[in-house]
Amino acid sequence: MDKKTREEVMKEQQAELDAIVKETRAAFAGAYADQLAQLQGLSDSELSALVPDVTAHAVYSQLMEVVKRASANNLGVAELKQRIQALGSSALAIAKRIGLA
Amino acid sequence: MRRFEVLAILSVAALYACATTPKQTVELSATVGRDIEAVHVAHIALVKRYFARMDADVNGFVNETYRPYAIDRTMKAFHLVEKIVHPPEPLDAVDEMGLFVDTITRDIEGYRQELLQPIHAQRDKVLTSLEDAYRQIQDGNSIVTGHLASLVAVQDAQDAALSKAGLQGLREKLVDSTALASERLSQLTQKAEFARGKEDEIVKKIEEVKKAAAAFGK
């Protein structure tokens, strides 16, 4: 009978070790079930409590869009001095008609 | 001409005569924004610290409980000592030891990652939701701050225009004025924008406004 090669023996040893490791994992999970349960992270309710329940992004977007438009309008009004001057020619005609100028 | 400018300025003031916005509102809103950011930073730091503690718990458990358990049980089940002394042909003791160390190290680190993965997923979820929430709140606050600044800009323009016309403090008087007078002035502004060629119609309105302006001056 031919002798096994080094690679063949290494493969057998590795397979034996892998099987042992698998069994060890299972045995450990049973022996330390309580401790493992405590390390599982947060429960669903705990996680929900940490996640802020803020207003939906869509609602924010709609509100912000409206306010941004209003702000733009306000800034337009702030430049109304120029608009008043633009009204000057008509205003001058009216003022002359009613004796204001 | 000067009297018409006064009327025009009055009409502008009338458009926004119903509110006053002190500059401090902008500062207050900006301050709130900065403080929200400070709370944001602290909140994120707290969450990271909390999850880091959970990481440490897992690492401690793996290092102090699983690793010795796995090494001991695997060594015995694999008969490592015997195999080091009498390794199967053609392997030697170093081959057996290397195989064992590689396998047990891979197993321990794999187990560590299995336990940490759900915690990291929860951490990422919480951090993402917090970042999204704070970003949304900050964006909203920035928009409000900008809007308040725009109100102040309108007010400043009114004040500058009224001051130029020698009517300092008129805006404050307008705040207390009647809605009827404001409405008339507003109508004049709209009419004035389309005034070219309609002077006769506007003249009548001007007369009405003159009466209203006289009332404001009192």
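Helix 4 of chain B has a kink of about 30° at B:L116, shortly before the proline B:P118. A bend at a residue is the angle between two axes, one fitted to the seven residues ending there and one to the seven starting there. Helices here are DSSP runs of H or I with at least four residues, numbered from the N terminus. This is a predicted model, in which local features need pLDDT of at least 70, side-chain atom pairs count only at pLDDT 80 or more, and totals for chains, interfaces and linings use all residues. Residues are numbered from 1 along each chain as its sequence is written, chains are lettered from A and ligands numbered from 1 in the order in which they are written, and side-chain values use heavy atoms, leaving out hydrogens and water.

Now follow helix 4 of chain B along its length. The helix has 72 residues and reaches 100 Å from its first C-alpha to its last. That is close to the 106 Å expected at 1.5 Å a residue. The expected span is 1.5 Å times one less than the number of residues. After the helix comes B:G166, with a positive phi near 75°.

Step back to the loop between helix 3 (80-85) and helix 4 of chain B, where B:P90 lies. The peptide bond from B:E89 to B:P90 is cis, with omega near 0°.

Next comes helix 2 of chain B. Its 56 residues should span 82 Å, and its end C-alpha atoms are 79 Å apart, which agrees. Helix 2 of chain B also bends, by about 35° at B:Y66, and the proline B:P68 follows within four residues. B:H79 sits in the loop between helix 2 (23-78) and helix 3 of chain B. B:H79 is not a glycine, yet its phi is positive, about 55°.

Finally, look across the chains. The axes of helix 1 (residues 6-31) of chain A and helix 4 (residues 93-164) of chain B come within 10 Å and cross at roughly 35°. Axes are lines fitted to C-alpha atoms, for helices over the stretch in contact, and angles run from 0 to 180 degrees between N-to-C directions.

Note on methods:
Helix = DSSP H or I, 4+ residues; strand = E, 2+ residues; numbered from the N terminus.
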